[in-house]
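Subject: Structure handover

Hi,

Here is the structure I promised you. Please look it over, then read my notes on its pockets and cores below.

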Amino acid sequence: MRAVEIQEYGGPEVLRVVEAEVPVPGPGQVSIDVAYTGVNFADLKARADGYRVPALPFVPGLEVSGRVRALGAGVTGLAVGQEVAALTQGGAYADVVVADAVTVFPLPPGVDLRTGATLPTVLPTAYALIHTVGRLQPGETVLVQGAAGGVGTVLGQLASAAGAGAVYGVVSSAAKAEYAREHGYDEVFVTSSTTPSFAKEVREATDGRGVDLALDPVGGETLRASLDSLAPFGRLVSFGNASGAQPWQVGQPDLYPLALSVSGFSILTLAQTAPTELRALTERAFRTVVDGVVSLPVTAEFALPDAAEAHRLMGTRTSTGKLLLRAQGTDGDADLA
């Protein structure tokens, strides 16, 4: 089978197509003939910095859709040939991948394999940020960093559907702002990671009050600005550190004056520490697609051997929506959808 692996850390050029042995599922695991693989920013961090890479060589990729190829010992509730989506610990840039059965989800009726590949990381993350961790209440206001990305696209729709009083987004370009407004955002602020000046704009937009819930995947100074954007009793949820900044700490002097709270979420960590909870969360999240509450546009699709081109596009920070790799079928150039 084909796989795309990294043998050293670096730019997109270190992604190399190799021939690899077809993996066999162990107890409690499932092997999947991959149809599509989702491309995530975590994949770029793995390639460049070794994020969550146990050893080299390493095949990146955290989410797939496809058909069950084989079941490991003890696996029930799944069948060979069944169409599924799965969250993996890596290895998804390949024609066949192995995943723990607890993070393999049958595709709901009406959801095809292409759409299915957009779901495993983005949708449960967004659902948790709005409903489980963020605990958004009707009438409350929300601020989302990276509003035009995969998670941001879903967050805008979920927050609007949950009855948010207003949904604010932060993006890095006017084009991204226009895209975000089409996906549930009432107002979008254009800024940059080096000058996170949105706190002032948020205060002005909310008549000085601030927002009830801020969702931040960037970290560093952006996380600090998100905290500064909160209203009394506001909640900040950190769900990433795209900036690569040193771990940030908050203490009593930051929280006490306005009775603020700070929490965190990582779907990859939850998959390891509480997979049963993740499964229940994912099943609830998937229903929002079936019910037509949310959709995640696939804005670019690449053949598996062109994974480096997908990384280059995502690395420009100009992409919106979801990027996919097409694992099965003929190789070819990138397809815009």
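Strand 6 (96-100) and helix 9 each give at least two residues to the lining of the second largest pocket. Strand 6 has the largest share, three residues. (Strands are DSSP runs of E, at least two residues; helices are runs of H or I, at least four; both are numbered from the N terminus.) This is a predicted model: local features need pLDDT of at least 70, side-chain atom pairs count only at pLDDT 80 or more, and totals for chains, interfaces and linings use all residues. Residues are numbered from 1 along each chain as its sequence is written, and side-chain values use heavy atoms, with hydrogens and water left out.

The second largest pocket has a volume of about 150 Å³. Its lining counts 13 residues, and Thr88, Gln89, Ala99, Asp100 and Thr103 are the closest to its centre. By class, the lining holds six nonpolar, six polar and one charged. (Ala, Val, Leu, Ile, Met, Phe, Trp, Tyr, Cys and Pro count as nonpolar, Asp, Glu, Lys and Arg as charged, the others, Gly among them, as polar.)

On terms: the grid is 1 Å, over the protein atoms alone; a cavity is a set of points where a 1.4 Å probe fits but cannot get out; a pocket is an open set with protein on both sides within 12 Å along at least five of seven lines; lining residues have an atom within 4 Å of a point. Points are joined across faces, edges and corners, and a volume is the space filled by probe spheres set on them.

The largest pocket comes to about 1300 Å³. It is lined by 47 residues, with Phe41, Gly146, Pro217, Phe239 and Ala242 closest to the centre. Helix 4 supplies the largest share of that lining, four residues. The lining splits into 23 nonpolar, 19 polar and five charged.

There is one cavity of 30 Å³ or more. The largest cavity has a volume of about 40 Å³. Residues lining it include Thr118, Val154 and Ser295. Seven of the lining residues are nonpolar, two are polar and none is charged.

Now the cores. The largest nonpolar core has 56 residues; Leu155, Leu215 and Phe265 touch the most other members. Helix 3 gives the largest share, seven residues. (Core members are buried Ala, Val, Leu, Ile, Met, Phe, Trp, Tyr and Cys, joined through side-chain atoms within 4.5 Å; buried is under 20% relative accessible area, with a 1.4 Å probe and protein chains only.) A second, separate core has 23 residues, among them Ile6 and Phe58.

Best wishes

Definitions and conventions. Buried means under 20% relative accessible area, exposed over 50%, partly exposed in between (1.4 Å probe, protein chains only).
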